[in-house]
Amino acid sequence: MNLTEIKGIGEKTVPKLNKLGIYSSRDLIEFLPTKYWDMTHFSDLDNTRIGDYVLLSGIMATVTKVQYIRRNMNVFKANFITGRRMIVLTWFNAPYLREKVTVGGEYVVWGKLAENNGVLCMSNPSFEAGLSGVRLSGITPIYPTKNIIAQPTMSKFIGAAMAHESFDSIIPAEREEITLKRGYELAHFPSTSSEAEAGRRRLNKERIVAQLFSYKILKQGRSLIKKHYSLPLSALDEAIKSLPYELTPSQKEALNDIYTDLKSGEKMNRLLSGDVGSGKTVVALLAAVYAIKCGYQVAFMAPTEILARQHYKTACDLLGGTGINIGVLTGVCGAQEKKGVKAAVKSGVIDLLIGTHAVIGDKVEFADLGFIVIDELQRFGVRHKSSLENKSENVDVLVMSATPIPRAMALTLQGELKLSALSPRGDMAENISTRLVSDKDLSAVYDFIHKRISVGEQAYIVCPLVEDSEGLERISAKSLYAKLVTGAFKGIPIGLVYSSMKEELKAEVMRRFYEGEIKILVATTVIEVGIDCKSASVMLVLNADCFGLSSLHQLRGRVGRREGLKSYCILHTSLKKESERLESLCNSRDGFEIAQKDADMRGYGDFFGLRQSGGSGWGTINAELIVECREIAEKLYKEDQAKTLKNQL
């Protein structure tokens, strides 16, 4: 149905809807709310957190006149009494509302609760006269309209579109209590929060089942890989014996998983997950040796220059006596060096190529690429992985991460990405203590860092920003560095690194840190991966509430990298409401478990698209739902196959 056929939508409204990606009645119906305002009951301030939206009933005690602060900026305030509490209400650039607020009047107020110097406050709250809300009541869906179309108007358009749309479901009606149409109704026009949740779950289930069912149909026609991994796993015995330590049971099991995949004849797509010290790199290199012995080239891609060089050194140390030719290719390699490496890869002289994004460049050609390893998967986009895979037909893929991205989690849960999980070696994981601190604790934390440095250890201090940004009350790396060198750590060698620094300067700072010349490294998340400093025992993350759990777990993995060295990960936040989320990291060392929590919060991303996390207004998708949808899709697929077979007979 065309948009102009929907009641209330005229020719002038169509371009506005088009700006929101809405071109049809179906687009309107699938334009779901990003959140809901629950105004079904008044809030209890004693059990409310700063940052929550609240609905309050009370009296306006005082109201100021409209004050014009500067050009295009005016403000008026009111003291609002609710129960025994007073809240300061502030309205910016809304002088027309002043005449609607009367001193001594009874009002219902809705807004986001904040705190300023111990005083509760709200900015630009909604309000209406009376002690019981009429407009401010029930569940109000909030759409991502970008102020192009008013919220009530969008709801009317969607309701009108739904009256004329049909809702065919891939899931048989007898298998669902809620029909697809009812799912949309609950998502757009819920009476309670639980109804909204039920509606979103039903819509997500429809979408995921359809995707999984389609994937099974597409996969049906795939042919087996024309590769020959003819050697037994014992071909690795010599390489394993040359290792400076014995493989752990989980490493042996992971190697066997990879071997089984390679021998199956189907394309391998496996995730190797493991925490600090679990030995992911060794397993990946041994798998590479097996593929090379079977006649194929291997590409090993890392997200940073530092990590790529580190893997190259590790590979040379461990595989030096195996006769395998190893090359390295990164963005900072000289022109002649790049030319020589590319020629050696194309001719097949180089068996194992280790590098950064440079490995997927258009001019990098392999003689016979059969196996690729991608380290720190969360730092690569979906396109990067696909570009490397496309350099050879049916290439086998091994991806590694301590904390898998949400999309990898989803693919693992639906069975399309197999998982091998490694256990930490020795006591390295237990050696890291994680705790949460607030602003008032920072002085004591700095004293603690002083003590660790005095006994020969080193520390990282990570900030969410490179430079200060107006409007963002966050600590930046540059400003903190300037304060620390003249303040809390005056006289102690401090380094500064961030992603936009010149590679040569960044490498020099890191070298000095590795060698112990620099004692404290102030940085952004550029050090999230690829940093292996054995003497670093403290990781302080400032404004930790700005980071996802997976990123924080990765940062925690930069310390505790030497057995027997007690290490500490200290997470700082100024926001009380973030304490619960960050505490979950303090209570868990399992990277896969943390990634699953992160995925449940952020969403699992697209199974077929390019988004690695989040969604488009559909809400988050948890592990339980994916597993349930997989079971439904498998039943539908079997029924479809049986029906097809019956028709052929």
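**Surface patch, cysteines and an open sheet**

Colleague: What does Val119 count as at 34% relative accessibility?

Modeller: Buried means under 20% relative accessible area and exposed means over 50%, with partly exposed in between (1.4 Å probe, protein chains only). Val119 has 34%, so Val119 counts as partly exposed.

Colleague: At what pLDDT do side-chain atom pairs count?

Modeller: Residues are numbered from 1 along each chain as its sequence is written, and side-chain values use heavy atoms, without hydrogens or water. The model is predicted: totals for chains, interfaces and linings use all residues, local features need pLDDT of at least 70, and side-chain atom pairs need pLDDT 80 or more.

Colleague: How much accessible area does the nonpolar patch with Val119 have?

Modeller: Val119 lies in strand β8, residues 119-123 (a DSSP run of E, at least two residues, numbered from the N terminus). Ile59, Ile81, Met86 and Val119 together have, by Shrake-Rupley with a 1.4 Å probe, about 280 Å².

Colleague: How many disulfides does a search of the whole structure find?

Modeller: Cys294 is buried at 13%. Cys316 is partly exposed at 30%. A disulfide needs two cysteine sulfur atoms within 2.5 Å; the search count is zero.

Colleague: Which are the edge strands of the open sheet?

Modeller: Six strands run β18-β23-β22-β19-β21-β20, in parallel pairing (at least two DSSP bridges per pair). Two strands pair on one side only: β18 (432-437) and β20 (494-497).

Terms used:
Patch = residues over 30% accessible without salt bridge, like charges linked within 9 Å, V, L, I, M, F, W, Y side chains within 5 Å. Salt bridge = Lys/Arg side-chain N within 4 Å of Asp/Glu carboxyl O. Helix = DSSP H or I, 4+ residues; strand = E, 2+ residues; numbered from the N terminus.
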